[in-house]
Structures are given as C-alpha cells and as structure tokens.
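Here is a structure to read through in dialogue.

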Amino acid sequence: MVYFILKRLVQSVFVMLAVAFLAFSLFRFVGDPITQMTGVETSVADQERLRDELGLNDPFILQFGRFTGDMLQGDFGFSYRTRQPVAEMIADRIPATLELGIVALLISLFVGIPAGVYTALRPRGIATQTILMTTLVGVSIPTFVIGIMLIFIFGVQLGWLPTFGRGGTVQIGGWESSLFTVEGWRALLLPAITLGVYQLTLTMRLVRAEMMEVMRTDYIRFAMARGVPMQKLHYKHALANTMVPVITIIGLQFGGVIAFSIVTESVFQWPGMGLLFLESIRFVDIPVMGVYLVVIAFFFVLVNLIVDLLYVAIDPRLRVRDVQ
Amino acid sequence: MLTITDLAVKFPSRFGDFTAIEDVDMVIKPGEIHGLVGESGAGKSTVGAAVIGLLQSPGYIAHGSLTLGDTDLRTLTPEQAHAVRGDRISMIFQDPQTSLNPLMTIEDQLIETIQAHADVSTAAARQRAVDLLEEIGIKNAAERIKAYPHQFSGGMRQRVVIALAICTDPELIIADEPTTALDVAVQSQVLKLIQRLAKDRKIAFMLITHDIGVIAQVADRVTVMRKGRVMETGETAQVLGAPRHPYTRALMDAVPPLDYRIDRFRVPQEEGADFERSLGQKAEDWLLAGVQGAPTGLTLQNLYVRFAGPRTSLFRKPEPYVALNDVSLTVRPGSIMGLVGESGSGKSTLAKAITGLVKPSDGTMILGDEVLPGGKARDRHHPSRQLVQMVFQDPYSSLNSRHRIGAVLEEPLWFYGFVKDADQRKELAASMLALVGMQPDAIDKYPHQFSGGQRQRIAVARALLARPRFLICDEPTSALDVSIQAEILNLLKDLQAKFGLTILFISHNLTVVRQMADDTAVLRNGKIEEIGKTEDVYERPQAAYTKSLLALTPVMQRASFAVAAHD
C-alpha cells in the first residue's frame with residue numbers, strides 16, 4: 001500500500017518535470033523575451049546587457065534548473081502584459097475556475113449516476129429511450145452553442161438568470177467565492193450546466209453500460225436468488241461494482257473540465273483561469289501561459305492520484321493481500 | 001416438497017417460440033438429493049431457473065405447474081416471488097470465484113441475507129452467521145467472517161456460498177453444477193457437506209450436473225434429460241445400474257471407467273460418420289510423408305520455473321513463487337504421457353515451458369536429441385516451434401472467431417512454408433477436416449457455427465497441419481460433454497497410432513488419463529509426486545497423494561448399482 005502510493009508519487013514527479021520542461025520551452029522557442037520586454041528605442045548593447053543580467057545566456061540546463069527551482073519556491077515570475085506577479089494573477093483566478101468545475105462535476109454526478117442506473121434497470125422503457133436520445137443530442141452540440149442557447153433562453157428571453165460574470169462574491173481568507181450568495185449561485189448555474197452537460201452524458205452512459213454488465217454477473221444473480229431486497233441489490237451490490245471504471249473516467253474528465261473550461265468561461269465572461277489564458281494568448285504573455293500549463297498539469301496529476309486512492313478504498317482486492 | 005408437473009419453458013424469438021423444456025415432471029421430497037443430469041443444452045439449468053423464478057429474459061413458462069409445499073409458485077406476484085427466493089428456495093452456483101460480491105465482506109453478505117428474511121438484530125444475525133460457518137467447516141469463523149471473498153480459497157469460497165444459501169433455512173436448494181469448478185479433493189468435501197445438510201436439516205436438493213460420477217456418489221433419485229425432455233427418472237441405483245431408456249444406457253456407456261482400461265471409448269452416436277472417409281486420404285498421405293523416421297521424445301531434467309511473488313515489504317525483494325520445482329520426466333518417443341494434478345499444481349506452466357511461452361529459471365529440456373532454448377531465447381524459426389503443437393482446453397476461445405475455418409487451417413501451411421500454392425493449401429485443409437471427422441465444406445464457415453466438439457476437432461486439425469511430432473493436449477475435453485469427450489479422445493488415439501505422434505496429455509480427470517496414457521505423472525505444487533507406467537500408478541500407487549486422489553475420484557460403479565437394483 002505504502003509502496004503503491006510512493007510509486008505513484010514518484011511517477012507524478014516525473015510527469016510534473018516533463019510539463020515544466022514544456023512550459024520552459026515556451027520561453028525558449030516562442031519569441032524572444034527580451035524583444036517582448038523592451039521597446040524599439042532600447043539599444044542593442046542595452047538589450048545584450050539585460051539578456052546577460054537575466055541569465056538568458058546561461059546554459060540550457062542551468063536555466064531550466066533555475067526555472068524549476070523558482071517554481072518550487074512559489075516564484076512564478078512576472079506577466080509581460082500586466083507586470084504583476086503571475087502567482088497572484090493565477091491565485092486570483094483559481095477560485096472561480098475551481099468552483100465552476102466542481103459544481104459542474106457535482107451536477108454531472110448527481111444527475112448522471114441516477115440516470116445511468118435508471119436507464120440500465122429499464123433498458124426498454126420509453127423514459128430510457130428519451131433520456132438516451134436527449135443526452136446524445138446534448139453531446140453532439142458544441143459547448144459554446146449550448147452556452148449561447150442557455151443564455152438566449154434563460155438570460156435574454158425569460159430574463160431569469162444573469163448571462164455573464166460571477167454575480168455576488170464573498171472573500172473568505174483570500175478565496176473569492178460565489179457559493180455563499182444567491183446572486184453568486186444564479187450566475188454560476190448557467191455556466192456550470194453548460195460545462196457539465198458533456199460530462200453528465202458520459203457518466204450516465206458509462207454507468208449504464210457498466211451496470212448492465214454487472215447485472216448479468218453471477219454474484220448479482222446469486223444475490224437475487226437469496227432474495228436480497230431489490231433496492232440494496234441495485235445500489236449496494238451492483239452500483240459499487242460499477243464504480244471503478246466510472247471513477248477512472250470521471251477523474252480524467254474532471255481534469256479536462258478544469259482545463260477546457262476556456263470555452264465556457266469565454267462565453268459567460270467568467271473571470272477564471274481559462275479567460276486569463278485566452279487573454280494571455282492574445283498578448284503573447286508567455287509567463288502566464290507557461291504557469292497555466294503547469295497548474296493544469298498539477299490538477300491532472302492530483303486528481304489521478306486521488307482516483308488511484310479511491311480504487312483502493314472501493315476495491316478490497318487492491319489492498320495488500322493478507323497471508324492466508 | 002417440490003412438485004413440477006408438465007412444465008414447458010419457451011423463449012420467443014423472431015422465428016417463433018423456441019421450446020427450451022417440455023413435459024417436465026419431477027417431485028423432490030424434503031431431505032432428498034435429486035440429481036438432474038444431461039449434456040449441455042439439455043435444459044437442466046432452465047428447470048432450476050424456472051423453479052426459482054429467475055429465467056433469463058425473454059424466457060417464460062408456457063404451461064405446467066410448480067408447487068412448493070402448498071404454494072403455487074406460478075401465481076406469485078414478482079414481490080412475493082422475490083420474498084420466496086432465499087427464504088424458501090435458494091441456489092448454489094457453479095463457480096465460487098464469481099458468485100460472491102467481491103466488494104463486500106462475507107459478514108456483510110451473510111447478515112444482509114439473514115436480515116432480508118428474518119426480523120433479527122444485527123448482532124443476532126452475526127452470531128447466526130458465525131455459527132453457520134463453523135457448522136459448515138470454516139475454522140475460526142468469528143475471525144474469518146470479516147474477510148473478503150478473495151481471501152478464501154476456491155473450496156472455502158464454495159462453503160461460504162453454501163452458507164449463504166442455507167442461512168435462511170430454505171426448504172429447497174437448487175445446486176447448479178456446484179462442484180464442476182472444484183478439484184476432486186474439494187469436490188468430495190463439498191458433496192459430503194451437501195449430503196449432511198440434506199440429512200440433518202431436511203433440505204431438498206436439486207443437484208444439476210453433467211457429471212454422472214457425482215450423481216452416483218450422492219443422489220437419492222435421478223432424472224435424465226435430453227433436448228429439453230425427461231428421458232428417465234427413478235432411484236439412482238436403478239437408473240445408473242439398470243437404465244431403461246436407450247439414451248441413458250448410451251450415456252452410461254460413454255463414461256470412462258477408472259479401474260480398468262478399455263481399448264476405445266464407447267460413443268453413443270458417432271456424428272458425421274456417414275460421409276466418405278477417403279476424402280481424408282490426401283491429408284493422411286501428406287502427414288505420413290512429413291513424419292517419416294522415428295518418433296520424437298521429450299526429456300525434462302531438473303526443470304524449475306519461478307515467478308515474482310507478491311511484494312511483502314518495501315525494501316525486501318519479493319519471495320519468488322515456485323511454479324515448477326525440480327521436475328524431471330521423460331516422454332518416450334511415440335507414447336502418451338498423462339499429466340494429472342489439481343488446479344495450481346503447475347500442469348499448464350509445464351506446457352508453457354515446453355512451448356517456449358514461459359522461460360524456465362533452471363533445468364534442461366531436450367526434444368528428440370536437441371536442447372530446447374527456454375522462453376524468448378527460442379527464436380521464431382526454431383524447428384521446435386513447428387514440431388511441438390498444442391490443443392487447448394477451451395475450443396470456444398482458442399479459434400479466432402473472425403476467421404473462417406479455412407483461414408485458421410491454412411495458416412500453418414503457409415507459415416511454415418509447407419505448401420506454396422493457395423489452391424493446394426485449401427485442398428489439403430479440406431482433406432484434413434475429413435481426416436478428423438468433419439465435413440470438408442466446413443472450410444468456408446466461421447467457428448461460432450460449430451459445436452464445442454466440432455471446434456475441438458478443428459483445433460486438432462490445425463495442430464496436425466503444422467506436421468507436429470509432439471502434441472501437447474491441455475485439458476482437451478474438460479469443456480465437453482461425455483459423449484463428445486469420447487469422440488475426441490478416440491480421434492486422438494487413432495491419430496497418435498497412425499502418425500507416431502508423441503503426446504503430453506494434461507488433465508485433472510484421472511479416469512480419462514487412465515484410458516489415454518501409457519505413462520502417468522502426478523504433479524502437486526510444482527513437484528512430481530509419482531511417475532510410472534499408467535497401470536502401475538493406478539493399480540499400485542506409491543505416493544499417498546496419488547492414493548487420495550484415486551480414492552476421491554467419484555466413480556460410477558455399475559456393477560454395485562446393478563446389484564442394489566435387484567435387491
């Protein structure tokens with residue numbers, strides 16, 4: 001068990017190093033930082049002096065080492081565009097994106113799993129067919145179209161919900177949250193649904209497929225033959241056994257939700273990391289782009305580590321085998 | 001008391017209703033073990049599923065009546081039927097590996113089942129569960145009950161399954177092949193347990209099995225089924241000792257005896273015997289042309305295979321798991337060596353080492369007079385890759401389902417460069433099919449269009465088309481019915497005699513090995529316990545382990561039954 005976690009941690013370190021290397025390469029190969037930072041009136045000699053001072057003439061390995069070292073100490077450098085420290089800029093934006101992502105995830109789980117179970121248990125029902133059809137339409141339409149349609153219906157036509165921004169937010173120890181005001185929730189609803197629809201469909205279909213598979217297994221038939229109450233049979237025996245593959249996909253997808261909230265954030269002008277990333281691309285703000293890359297990779301690694309631990313929690317067969 | 005009268009089950013399909021079982025009558029009294037035998041597809045399991053109300057959709061009961069005590073099982077609502085399940089009727093499944101929920105402890109599954117049918121506290125339910133496990137022969141039950149299914153061995157798991165089936169004191173238990181997946185030693189323990197439960201608790205058992213030896217050992221009465229109909233029913237001694245129906249008689253004949261050797265297996269109805277055998281002449285000539293010279297033997301000297309074991313500590317190297325431990329044996333050229341042992345004894349590992357799929361950690365393998373390199377050290381073009389061929393256990397998964405039989409059979413011909421011309425390859429493959437007793441037109445069909453026995457014939461044909469000198473048969477008939485088994489074994493015997501093949505015949509079935517093998521080796525935990533002439537091993541076993549295996553093998557002693565029937 002300890003061995004397993006250690007192995008995973010070591011793997012994670014390598015993944016993070018690889019991503020840091022990619023982020024670092026951005027500086028090296030996408031444009032010249034000195035021309036980005038100085039104007040036309042800076043002389044070539046001054047440029048060279050600056051280059052030397054910033055250590056850009058040092059060997060590649062040394063520069064990469066310095067970059068990684070700074071990162072580890074929380075020093076992410078400065079934005080070319082706003083001259084602010086990148087760490088601050090990202091820290092300002094993380095709460096918005098995380099809240100959006102987590103609410104989207106919860107929506108997808110709380111709707112997707114029950115819907116998956118329902119459609120698996122009544123594979124021929126009319127409700128099942130309707131659900132399957134609508135969700136199929138749901139994934140076929142691109143996210144931004146869904147977002148625009150939701151804005152049009154609930155924001156413009158009905159006027160029930162705001163169409164942009166985070167609404168009212170509350171500061172809690174440096175974390176700007178919109179989860180504690182009605183306005184905040186109203187603003188969160190549409191973007192979270194937009195972001196969660198794809199994940200919801202995926203979760204539902206996966207739960208359905210796994211559940212139908214599990215319902216055919218011998219241990220379910222044996223539980224049936226023992227007269228275990230149906231409710232227990234479906235939710236305790238069958239659902240738990242579908243969870244391992246479902247969690248894998250949900251975990252991978254959640255990383256994706258955080259990473260690709262870019263589209264949703266831009267449709268709803270949601271002030272999260274995705275929007276920041278888009279702005280940074282427009283101004284070739286390489287430090288912010290690099291750090292964004294590293295932060296997203298960190299989320300992926302973290303989520304997958306949690307997924308691995310969840311496996312062990314769910315499935316006793318993965319725990320250390322007892323000596324019989 | 002269970003009474004089945006005139007039962008029929010149908011499965012609707014596009015082509016009209018398919019009748020799975022028809023005119024089935026059966027009575028099982030309390031405390032009686034009622035055997036239900038028949039070959040696969042006879043509808044045995046359908047009878048059990050109909051009684052417990054778990055017919056696979058879309059099957060339905062067309063007519064007939066099912067009564068348990070004075071309850072008419074057919075008039076129950078789905079909720080009432082579900083309440084009866086477990087409470088009055090329970091079931092034991094074939095494979096203890098898959099019939100327990102892997103994510104719940106034994107305790108949770110037992111308590112849950114007890115509480116589903118009786119209004120008792122969790123503590124009382126736990127006590128009852130522990131008592132039950134003790135009664136069923138699980139030592140230290142109070143401790144072991146907290147374990148998960150995977151922490152029990154196969155036999156213990158089947159005991160847990162039985163505990164789950166009887167924890168609610170049912171009147172009837174349907175046991176669907178309860179010992180088929182178990183080794184003989186465990187099988188005999190489980191059968192004894194079933195007998196004891198029937199006697200002490202007056203539970204009625206419907207024992208569904210294809211193994212007539214099992215029926216002979218425990219059943220009070222027996223019903224023989226074929227193609228969904230009851231052929232014969234009566235006292236076990238009468239049905240097995242003096243069968244009235246010709247089918248029952250044929251079925252009894254196909255069971256090979258353990259205590260003496262017969263020349264050929266008796267086959268109830270030779271299938272596909274009505275066509276021209278001469279079609280196989282071409283393949284026969286081709287094989288004989290390729291296999292001239294003396295047969296090839298195999299010698300293993302001090303063979304070891306070790307696998308990495310589970311890691312127990314972060315810093316220590318894992319202890320190796322020894323799959324084969326100092327195995328030495330000689331398969332004489334042109335003979336059949338039988339290899340018997342329980343599951344996990346290393347039989348299949350031995351086959352893999354010989355075929356080069358597993359690398360031995362130590363020891364030498366000599367085929368003919370050439371040393372065989374082990375594992376990946378044996379390159380693709382090494383002659384032994386062609387000379388040694390294999391017939392696998394499960395004919396359902398050993399043929400590529402997306403290839404036509406023709407493609408499957410022609411592959412060795414071009415792969416080993418025997419026949420360059422495509423038309424000739426096809427002709428030879430068709431002829432080989434005839435040689436193994438199949439219609440040559442099978443060549444354009446797909447594997448799923450054939451029965452298990454036919455597929456195993458195809459697998460034999462494929463092995464022969466590589467012109468092998470040494471054939472490894474790994475449990476070639478354990479997935480087949482007795483009558484089909486007899487056919488395949490006769491075929492192997494004929495081919496072996498005709499082409500001077502050397503065969504390593506792996507099986508857990510001692511009766512089959514007795515009939516097939518010239519020499520027999522007994523393997524246990526990777527070690528050879530005993531090796532010698534088959535007659536000696538069976539008549540005068542030296543090792544205690546061999547003696548116990550022989551004693552535990554269920555035998556159908558027709559003679560003694562015949563006497564009993566006359567009494």
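**Domains, chains and a helix pair**

A: In chain A, 14 residues of domain 1 are in contact with eleven residues of domain 2; contact means that C-beta atoms, placed from the backbone, lie within 7 Å. This is a predicted model, in which local features need pLDDT of at least 70, side-chain atom pairs count only at pLDDT 80 or more, and totals for chains, interfaces and linings use all residues. Residues are numbered from 1 along each chain as its sequence is written, while chains are lettered from A and ligands numbered from 1 in the order in which they are written.

Q: Which element gives the largest share of the side of domain 1 of chain A that touches domain 2 of chain A?

A: Helix α1 (residues 2-29) of chain A does, with ten residues. Helices here are DSSP runs (H or I, at least four residues), as are strands (E, at least two), numbered from the N terminus. By class, this side of domain 1 of chain A has ten nonpolar, three polar and one charged residues. Nonpolar covers Ala, Val, Leu, Ile, Met, Phe, Trp, Tyr, Cys and Pro; charged covers Asp, Glu, Lys and Arg; the others, Gly among them, are polar.

Q: Where do the two domains of chain A run?

A: Domain 1 of chain A is 2-72 and domain 2 is 90-318. The bounds come from an automatic or database domain assignment. Over C-alpha atoms, the centres of the two domains are 34 Å apart.

Q: How many residues does each chain bring to the contact between chain A and chain B?

A: Chain B brings 28 and chain A 26. On the side of chain B, α2 (78-87), β6 (89-92) and α3 (106-117) each supply at least two residues. The largest share, five residues, comes from α2(B). That side of chain B divides into 13 nonpolar, ten polar and five charged residues.

Q: What describes two packed helices?

A: The angle between their axes and the distance between the axes. Take α7 (residues 184-201) and α20 (residues 544-552) of chain B: their axes come within 9 Å and cross at roughly 45°. Axes are lines fitted to C-alpha atoms, for helices over the stretch in contact, and angles run from 0 to 180 degrees between N-to-C directions.

Q: Which residues of α7(B) and α20(B) make the contact?

A: Val184(B), Ala185(B) and Ser188(B) of α7(B) meet Ser548(B), Leu549(B) and Leu552(B) of α20(B). Four are nonpolar, two polar and none charged.

Definitions and conventions
Two residues are in contact if their C-beta atoms, placed from the backbone, lie within 7 Å.
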